[in-house]
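Subject: Handover of a structure and notes on its contents

Dear colleague,

Please find below the structure that I am handing over to you. My notes on it follow directly after.

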Amino acid sequence: MYNNPFFYCTYCMQQFNCPFLNEQMRSFNDFGGSRTEKEGQKQKFQGFPSNIIILPFPGGGWSRWQDLGGTLTSGPAVSSWAPNRLDTFVRGTDNALWHKWWDGSRWSNWESLGGTLTSSPAAVSWGNNRIDVFVRGTDNAMWHLWWNGSRWSNWESLGGTLTSAPAASSWAPNRLDTFVRGTDNALWHKWWDGSRWSNWESLGGRLTSAPAAVSWGNNRIDVFARGQSNRLYHLWWNGSRWSSWQDLGGRLNSAPAVSSRRSNRLEVFARGLNNQLITMSWNGSRWSNWWSLGGNITSAPAAVSWGPNRTDVFARGRNNAMWHIFRR
């Protein structure tokens, strides 16, 4: 892994603000279709489902795309253990786990954490200076690595037979809930209760992607996955029971990602048609339409929120580097 050289453009001082160097991440030419409304207004393009709204670029408080370098062979994962702190994880060209973090003022270089991955990683933080990372290994079992505030653990096998990357969430300190697609294409769940790991339990469904999971409150979990006809499906735990699967529509070209800014709020992201980043959100009472945030991504996205007014999304770009977009 490496940091891409920082290129300067004769028109711009910073690469991530340059409309020429980053054209592949946000050009409307990448999408096809034709503009149907005036510049600067919400846009709808031919070739997209009628419930997907296209913004001029990206708009709505979203930044432009930033290239964070590296050479990824998977989608990224991201977690946050404090305000203005981000930890990202990817599989590198050597199939090891690689780590890059934002400390509040700058991005680190990439560091290798070893292992031999056969999937994208998943990451979650349940407390200050704590990170738990999960991956599928060469034996198709789920493997676990964690940071305890001073050092990284050794890899731990948690068993299972995975047919997807894992997902992880946490609704309390020292609580972990992990989710995978099994050999029967159903969703399977395994959790850490603070003292031991549970057995695997099936939550049903017919998944056509890896799952995504987030917790926005005590004893609450929301899980998302792509299902039949490439539509988004939603399952949640309300503290006493699991819901039925809910069809949220859309046409996904990847596994989803999900983050939560505050209690009873959800933001879901996925790669859509023509490889743009699409999103929909839950405002506490209803789901929005799908929106396009542009870009040209080649992996499922990863998303996290470190505060009530911040969302960070990461994905692999056409150059196999990790790209970042955020909303304040």
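This is a predicted model: local features need pLDDT of at least 70, side-chain atom pairs count only at pLDDT 80 or more; totals for chains, interfaces and linings use all residues.

The chain has 328 residues, 54% of which count as buried. Its secondary structure consists of one helix and 25 strands. Among the contacts with a separation of 6 or more, 44% are between residues 24 or more positions apart.

Four strands form an open sheet in the order β3-β4-β5-β6, with antiparallel pairing. At its edges are β3 (77-79) and β6 (111-114), each of which pairs on one side only. On average, neighbouring strands of this sheet are turned by 30 degrees against each other, direction ignored.

Strand β4 (residues 86-91) is joined to β3 by three bridges, and the two run antiparallel. Within this pairing, Val78 has Thr88 as its bridge partner, and Ser79 stands opposite Asp87. The hairpin of β3 and β4 has six residues between the strands, and Asn84 in the turn has a positive phi of about 65 degrees.

On to the next strand, β4 pairs with β5 (residues 97-102) over six bridges, again in the antiparallel sense. Here Thr88 stands opposite Lys100. Five residues lie between the strands of this hairpin, where Asn95 takes a positive phi near 65 degrees.

Thr178

Thr178 is found in strand β12 (residues 176-181). Thr178 counts as buried because its relative accessibility is 0%. The C-alpha atoms of Thr178 and Met142 are 9.6 Å apart, while the two residues are 36 residues apart in sequence. The side chain of Thr178 also reaches the backbone oxygen of Lys190, at 2.8 Å.

Salt bridges

Side chains of opposite charge can pair when their charged atoms come close. The structure holds eight salt bridges, and several are described here.

- Arg85 and Asp87 form a salt bridge in which the closest N and O atoms are 2.8 Å apart. Arg85 counts as buried at 16% relative accessibility, and Asp87 counts as buried at 0%.
- Asp177 and Arg175 form another, with the closest N and O atoms 2.9 Å apart. Asp177 is buried at 0% relative accessibility, and Arg175 is buried at 15%.
- Arg231 and Asp247 meet through their side chains at 2.9 Å, N to O. Arg231 lies in the loop between β16 (221-226) and β17 (232-237) and Asp247 in strand β18 (residues 246-249), so this pair ties together parts that are 16 residues apart in sequence. Arg231 is partly exposed, at 32%, and Asp247 is partly exposed, at 36% relative accessibility.
- Arg261, Glu267 and Arg327 are linked in a network of salt bridges.

With kind regards

Technical notes:
Residues are numbered from 1 along each chain as its sequence is written. Side-chain values use heavy atoms; hydrogens and water are left out. Buried means under 20% relative accessible area, exposed over 50%, partly exposed in between (1.4 Å probe, protein chains only). Contact means heavy atoms within 4.5 Å. A polar contact is a pair of N or O atoms within 3.5 Å; within protein, one must be able to donate a hydrogen and the other to accept it, and residues adjacent in sequence count only if both atoms are side-chain atoms. Two strands pair if DSSP finds at least two bridges between them. Axes are lines fitted to C-alpha atoms, for helices over the stretch in contact, and angles run from 0 to 180 degrees between N-to-C directions. A salt bridge is a side-chain nitrogen of Lys or Arg within 4 Å of a carboxyl oxygen of Asp or Glu.
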